[in-house]
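Biologist: Hi! Could you walk me through this model?

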Amino acid sequence: MSRKRPSLKSCLASPSPELGRLLGRVQELERLTRLVQSLLPESLRAHCRVISVRGATLVLQTDSPVWATKLRLAGPSLERALQSANVRQIEIKIQPISGPRPVPPRHPALMSKSTATLLLQLAGTMNDPKLKEALHRLSRHGRKSS
């Protein structure tokens, strides 16, 4: 006795009251997102998004404390512009990018053969054995002759 589930298309064509409220909320958030994006400076748009509305409080998300500070500075003018949308207060949440941060590739420092030769010459003049050995080790990082 398996019941056939209604298709998504049929659910959206005649939504239940709960689904209708949810769709209305999504549409309201999309409208506010477009409005907020149009009011923000270009540099801030990619780092800010509308995540919720609670009463007269608009909740915005940004991806770092730096962008949150810039958003807070824009906050008063944003609040004034959003009064027509019944927004009286803006709350800012910081949500960093999830997942591991990319590690930049490590490029070993290159030392020329002439620099390595100079380090060896300098090591030869040293009286301190530890410094002399350190300069010898350092000189080994020089490029080999091609």
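Predicted model: local features only at pLDDT ≥ 70, side-chain atom pairs only at ≥ 80, totals over all residues.

Biologist: Great. What is the strand order in the sheet?
Modeller: The order is β1-β2-β3, in an open sheet of 3 strands with mixed pairing. Strands (E, at least two residues) and helices (H or I, at least four) are DSSP runs, numbered from the N terminus. Two strands pair if DSSP finds at least two bridges between them.

Biologist: And which strands stand at the edges?
Modeller: β1 (48–54) and β3 (89–94) do; each has a single partner strand, so one side of each is left without a neighbour in the sheet.

Biologist: How many bridges join β2 to β3?
Modeller: There are 6, and β2 (residues 57–62) and β3 run parallel. Within that pair, Leu58 stands opposite Ile90 in β3.

Biologist: Which strands does helix α2 touch?
Modeller: Helix α2 (residues 17–39) packs on the sheet and touches β1 and β2, with its direction at about 135° to that of β1. A contact means heavy atoms within 4.5 Å. Angles run from 0 to 180 degrees between N-to-C directions, using axes fitted to C-alpha atoms, for helices over the stretch in contact.

Biologist: What about α4?
Modeller: Helix α4 (residues 65–81) lies across β1, β2 and β3, running at about 170° to β3.

Biologist: On to the core! Which residues touch the most other members of the largest one?
Modeller: Leu58 and Leu60 do, among the 19 residues of that nonpolar core. Such a core is a set of buried Ala, Val, Leu, Ile, Met, Phe, Trp, Tyr and Cys residues joined through side-chain atoms within 4.5 Å. The largest share, 4 residues, comes from α4.

Biologist: New topic: is Ser139 buried or exposed?
Modeller: Ser139 counts as buried, at 9% relative accessibility. Buried means under 20% relative accessible area, exposed over 50%, and partly exposed in between (1.4 Å probe, protein chains only).

Biologist: Where is Ser139, and what does Ser139 touch?
Modeller: Ser139 is in helix α6 (residues 129–139). Leaving out residues up to four places away in sequence, Ser139 touches Met111, Ala116, Leu119 and Leu120. A polar atom of the Ser139 side chain also lies 2.7 Å from the backbone oxygen of His136.

Notes. Residues numbered from 1 in each chain as written. Heavy atoms only, no water. Polar contact = N/O pair within 3.5 Å; in protein donor to acceptor, adjacent residues only side chain to side chain.
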